[in-house]
Amino acid sequence: MATLDQKSPNVLLQSLCCRITGKSEAEVAHQFQYAVRVIGSNYAPTIERDEFLVSEKIKKELLKQRREGDAALFSELHRKLQTQGVLKHRWSVLYLLLSLCEDPRKPSSRVGSYGALFAQALPRDAHSTPFYCTRPQSLALGYGERTGGLTASMGTSGVSSLGVYTLNGPTPTPQSLLAGQPPQSAAAGGQPLGSRLAWALPVGSSPSSALAPPAARPPLGPPALSTRALRPRRDGDANAEVSEASLVRDILYVFQGIDGKFIKMSAQDNCYKIDSKVVLCKSLRDTSSRLAELGWLHNKVRKYTDARSLDRAFGLVGQSFCASLHQELKEYYRLLSVLHSQLQVEDDQGVNLGVESSLTLRRLLVWTYDPKVRLKTLAALVDFCQGRKGGELASAVHAYGKTGDPQMRALVQHILSLVSHPILNFLYRWIYDGELEDTYHEFFVASDPNVKTDRLWHDKYSLRKSMIPSFITMDQARKVLLIGKSINFLHQVCHDRTPPGKITPASKSADTSKDAAELLSDLEGAFQGKIDAAYFDTSKYLLDVLNHNYLLLEHLQAMRRYLLLGQGDFIRHLMDLLKPELVRPATTLYQHNLTGILETAVRATNAQYDNAEILKRLDVRLLEVSPGDTGWDVFSLDYHVDGPIATVFTRECMGHYLRVFNFLWRAKRMEYTLTDIWKGQMCNAKLLKTMPELSGVLHQCHILASEMVHFIHQMQYYITFEVLECSWDELWNKVQQAQDLDHIIAAHDVFLDTIISRCLLDNNSRSLLNQLRAIFDQIIEFQSAQDLLYRSALEELSLRLQYEEKKKEREQEGEWGVTAEQEAEEKRRIQEFQETIPKMRSQLRILTHFYQSIVQQFLVLLMTSSDESLRFLSFRLDFNEHYRSAPLQGQRAEAASLAGRHQGPAIVKHLTPVERRTTPTDGASIDVEDGVRHQCAVATSQRTVKRFHAEMMSCLGGQNQRRSPSDDITTESPKPRRMASQRNKQCDGEHNKDSLVA
């Protein structure tokens, strides 16, 4: 046992004190106690823990003493020590050697004697308060410089700091805390009371206690309850008053959450209460109750940390929060250890309560004021953070730090630096590496592993808004999401193998809570700068890859040229080549034939100079075939997209392009049809001059064709320039100024929504679109009627020319030109043809009337539209008020209200296959049968149409009965024409009225 005692730490420490001071064991008792306290404290030098710096200073000391060999030997031994890795704290060993090698005879910056050194109190920052302020990076290693730096450094008030502030102000500092205190401690009166209480040495203690064997010396921990009883209660004396010393001892146990002898936890009232049977004066009872609140606060915080520390689902942020609470409790326990040490010193020395330096309830109330405030803050923070985790927990801590109390703010900022450390680590790994390892769903960026690669940009990553910390703005969170999403998009979709470090240089991450605190203190500076730098670098690199490697802008222009009919020469030549095929029934078309025609059109126009990557994606698509459809109804151009560009041109976008193409193709077909009508009129005008009976019918055709040409030209101008060109110019400017891919996608979506809306393809413009489709159908019907008229007229003209040629031939032969039978047959045939002319005229009148009625209703809907450009379009379509007929002006409001109720248009809709699939329907829309083509745009009642036909034909029939066939060839009498005109107007007025009411 003696051998073991000689090697115990206490004996070795006592021997070290004797060796340093050169005194006997009895004379170093004070220094020995001081050394024990220093070793048991958490005192750390404020110099930088740099092993290399200390070793260099040791070598310099050896070189100053002209011991070059020893310096070389020391360097070699130090190198070997570094390679072995046996010692974990090599810096501490070297620092101790450096301190020991200093010459004690030097007067500079050294205390007078080692005894005075050990008698000094610890520096101000050597208590248990965490040192939050920034320490100097490097200080001189001399003792005087170290102590000077320590006494000059200031720390915030910690849980265990023994402040001297009471509720009413500072308490006067006593001259000495212990009897017989040495004079040099009085010189330290400027030091805080907590430091002097914690580290001043008792001078009056017996040296023999230090010389006693280890087994005989009292333990350093808290003494037993029976070791100190200045005024013990006598056995059987129930009325004896409890001493203040006993209450002090109980209070110290209550501070740790342990029930004392007289003060116990009441589960019913959830507080500490003094036993009602205990005889105690009111002042001591009130003071004890106030002190016991500290134990209740401790239990509240401790209960939260014990429950959450073992909960793995609480996440890394929650564990950091618990660690910060543990750290604060650790500092609080250091305070309690100091108080227990003081109590033990008093017990060992037999100090009475009357002594000024003894522990009393009032002194405890003063010294625990700051710790109580801190524990109150922690308890309130624990209540506020209940049920929160991750970024939501960090937001709660950050919100609680918005206070005017600097001590409370410093405490919350320290906790926030620890809590936000995992979040900042998540953030840096995400923005610099694109990695997201969020096992407990604490980060504000969420990932869906079930999303496929083609939807990575749109659906895989999203923001958890509840997990965005309050010190991170929504704009910063959006940028953080885009940075990591861009990195993953480059790797997984673009197959770009560039390391993330080359895209944006990684800055220093928040490796420690100190780094996190520095970032949080400069959220608008350094933190914002890091996010902005990573955002701009990553987004710029992604856009460069899409534009150069995947030709994003070229594909966007190809959509404009081909699917939006921007390549005029290509579209016109394609229509010329497709016309023989598209007039056939849709069931007789073959896609490979149309694909060959498409390639021919590409080779024959300027489209051949486009990039081969663009042209190979252009294809023909046949839509769903319905009964009665022709090739014009099912033909469509298609553009294949895949890979990264499919992120911009999604399936929804391509569906919108298909709807717009179908509408533009149909409008272009009307222009193409009217061109053919005009060509027919110009070519046949001279041929049919010899048939004057057709002049009235041909004049009607010319007038109606001119109206249709004007309407289609104005519609084409509106669609081409006011809709497509203006929207495209806005899109292109936004794309050129886009900073990230989301900006391009958003601008492209706005572009499509704009042209869908302004091309009358949205739900709000359904009535307008129905009227426009009816107008298009009337143009097709007019083409058929004019073709039939010219076909019959040219056939009659050829027969007449043949008759005249035969007649001349027979006359040249010396015979009669014609016989009576031939002349009678010729007159009969001419009469039959002339009888068909009124029917043609009536058919054109009906067609003209129907067309003008539809146009009038279309103009009414345009004028009542909320879109200003549509109202201007109505002015251009009716610039001379040609369509403002008298019946329509009186009933315009009624038609507008009818259109506003969306009870279905006044016509039966005719939808192409693509419109049948892409046009949304609701309860207010009418059911549409496939392939239905309507003839009437305003008459919803068949009875009205039939009555109008009957009256019209009766008017024409009576007129024909009164006139001979020859009269039709020459001229009409004014009076019958006027009467017929009046009857026609009357029929027209009744028809308009019926249609509008319907």
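Helices are DSSP runs of H or I spanning at least four residues, numbered from the N terminus. In the predicted model examined here, one such run is helix α34, covering residues 868–877, and both Phe872 and Phe875 lie in it, 3 residues apart, about one turn of the helix.

The aromatic side chains are considered next. The structure holds 21 aromatic pairs. One of them joins Tyr428 and Tyr432 in a stacked arrangement, with 5.9 Å centre to centre and 10° between the planes. These two tyrosines belong to helix α18 (residues 406–433), where 4 residues, about one turn of the helix, separate them. Tyr428 and Tyr432 are both buried. The pair formed by Phe872 and Phe875 is edge-to-face, at 6.2 Å centre to centre and with 70° between the planes. Phe872 has a relative accessible area of 43% and is therefore classed as partly exposed; Phe875 is likewise partly exposed, at 44%. Elsewhere, ring pairs connect Trp632, Phe635, Phe661, Trp665 and Tyr672 into a cluster.

Aromatic rings also meet charged groups. The charged end of Arg308 is placed over the ring of Phe314, 4.5 Å from the ring centre. Over the ring of Phe384 sits the charged end of Arg388, at 4.9 Å from the centre.

In soluble globular proteins, nonpolar side chains tend to be buried together. In this model, the largest nonpolar core has 199 residues, of which Phe321, Phe444, Phe570, Leu574, Trp665 and Phe858 touch the most other members. Helix α30 (residues 695–737) supplies the largest share of this core, 16 residues.

With neighbours within four places in sequence left aside, Phe570 is in contact with Tyr562, Leu598, Ala601, Val602, Thr605, Ala607, Leu618 and Leu637. Helix α25 (residues 568–582) has a kink of about 35° at Asp576, shortly before the proline Pro580.

Backbone geometry was then considered. Most residues other than glycine have a negative phi. Leu565, by contrast, has a positive phi, near 60°. Leu565 is located in the loop between α24 and α25 and, with a relative accessible area of 17%, is buried. Glu881 also has a positive phi, of about 60°, although it is not a glycine. Glu881 occupies the loop between α34 and α35 (886–890), and its relative accessible area of 48% makes it partly exposed.

Asp438 is located in the loop between α18 and β5 (445–447). Its relative accessible area is 12%, below the 20% limit, so Asp438 is classed as buried. The side chain of Asp438 reaches two backbone nitrogens: that of His441 at 3.1 Å and that of Phe443 at 2.8 Å. Apart from neighbours within four places in sequence, Asp438 is in contact with Phe426, Phe443, Val445 and Arg464.

Asp532 is situated in helix α23 (residues 523–548) and counts as buried at 18% relative accessibility. The side chain of Asp532 is joined to that of Gln528 by a polar contact of 2.9 Å. The C-alpha atoms of Asp532 and Val480 are separated by 9.0 Å, with the two residues 52 residues apart along the chain.

Definitions and conventions. Residues numbered from 1 in each chain as written. Predicted model: local features only at pLDDT ≥ 70, side-chain atom pairs only at ≥ 80, totals over all residues. Heavy atoms only, no water. Phe/Tyr/Trp six-rings, centres within 6.5 Å; stacked < 30°, edge-to-face > 60°. Buried < 20%, exposed > 50% of the residue type's maximum accessible area, 1.4 Å probe, protein only. Lys NZ or Arg CZ within 6 Å of the ring centre and 35° of its normal. Polar contact = N/O pair within 3.5 Å; in protein donor to acceptor, adjacent residues only side chain to side chain. Contact = heavy atoms within 4.5 Å. Bend = angle between axes of the 7 residues up to and from the residue. Core = buried A, V, L, I, M, F, W, Y, C linked by side-chain atoms within 4.5 Å.
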